[in-house]
Structure formats: structure tokens, C-alpha cells
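Colleague: Could you walk me through how the labels on this model were assigned? I'd like to see each value set beside its cut-off.

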Amino acid sequence: MRKSMVCVFFLATIVVILAGCPPYAPPPPDDTNTGGAADSVIAAIEQRAHDLVNIERANNGLPALAMNSDVRAVARAHSEDMAANNYFSHTNLDDESPFDRLDKAGVPWRTAGENIGYNSGYADPAAVAVDSWMNSDGHRANILTEAFTHAGMGVGRAPDGAYYFTQVFIGN
């Protein structure tokens, strides 16, 4: 009985120690947008970035943003478009703003904002994106806007391995 308790304690200690280490996120396969395991990696990166934004909000006394699946789809589509077409802008190649894209998707909003970013070569691309946003006055302001209640985080992966991030914020 004691031997099994020691093993459980040892394993629990390892889990606690590893929880403090940043996770290694290997690059997903090249079929990122075709479904399967690569999509789950992208979804995990999106969720991590969303969670890190909510940690920043909590550290500043603000409530967490709820993930909205419709807003997430708008954000992901923009990231995938930037990654596939090698551009970086809030305005897409069809001259649509984030607000146009929300309206086109039928997402109701009273106030909205968007953060975009990209990076390459990092074990934790989500942490790099959120850290960059928090060190930029305009992006930080979006993250810490109390009027925003919901968000969607979208990630696209370019052929060169760069990750494109779009976070769309809304308040109703």
C-alpha cells in the first residue's frame, strides 16, 4: 500500500513540476486546414492564446472573455487568408474590415476590435503573440477593454511555417 502511495505522490509531483514548464508545441503537419490532427493542433494554439489573454484580463481586474464560435470562425478565416495569401493587414484582399467580416458572417455586435499578429520558429507561438500584443499600446487596449465580453481567436499557418493570429473582440 505504501509503495503505491509513494508512486502516486511521485507522479503527482512530476505533473505539478511539468505544469510550470511551457509546453512544447511542435509545428503541425502541412495539411493544417484539411482536418484531422493538424486542425486539433491549431485549435489548441487558439485556445492557449485565448486563455493567455484571459489571464492578462484577470491580472488587470477584468472578467474573462467568453469564446464565441461564430467570432472564432471569422478570426480563423482571416488568419488562414493572410497565411495563404502572404499579407498582414486588418483589411483583407477584398477590402473588408474586421467589422465587414463580422457583418458578413451575421455576427451581432455593438462594439468590436481586432488584434492580429504573426510569428515563426517559437515553441509556444501563442505566448509570443499575446506577449507582443501586451507590449503594444493599441493591442493591449483591445485586450483590456471592459466593453468586450466575447472573442474569437483564429490561427492560420503559412507554407513557410509562420503562424498568423487574429483575435476578434465583440461586445453586445
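Modeller: Gladly! The protein has 6 helices and 4 strands, where helices (H or I, at least four residues) and strands (E, at least two) are DSSP runs, numbered from the N terminus. This is a predicted model, in which local features need pLDDT of at least 70 and side-chain atom pairs count only at pLDDT 80 or more, while totals for chains, interfaces and linings use all residues. Residues are numbered from 1 along each chain as its sequence is written, and side-chain values use heavy atoms, with hydrogens and water left out.

Colleague: What makes Leu65 count as buried?

Modeller: Its relative accessibility is 3%, and buried means under 20% relative accessible area (1.4 Å probe, protein chains only), so Leu65 counts as buried. In the protein, 39% of the 172 residues are buried.

Colleague: Where is Leu65 found, and what does Leu65 touch?

Modeller: Leu65 lies in the loop between helix H2 (37-59) and strand E1 (66-67). Leaving aside residues up to four places away in sequence, Leu65 touches His50, Val53, Phe148 and Phe169, among others; contact means heavy atoms within 4.5 Å.

Colleague: How do you know that H2 is close to its expected span?

Modeller: The expected span is 1.5 Å times one less than the number of residues. H2 has 23 residues and reaches 33 Å from first C-alpha to last, close to the 33 Å expected.

Colleague: Which residues of H2 are buried, and what covers them?

Modeller: They include Ile42, Ile45, Ala49 and Val53, and the cover includes E1, helix H3 (69-85) and strand E4 (163-171).

Note on methods: Buried means under 20% relative accessible area, exposed over 50%, partly exposed in between (1.4 Å probe, protein chains only).
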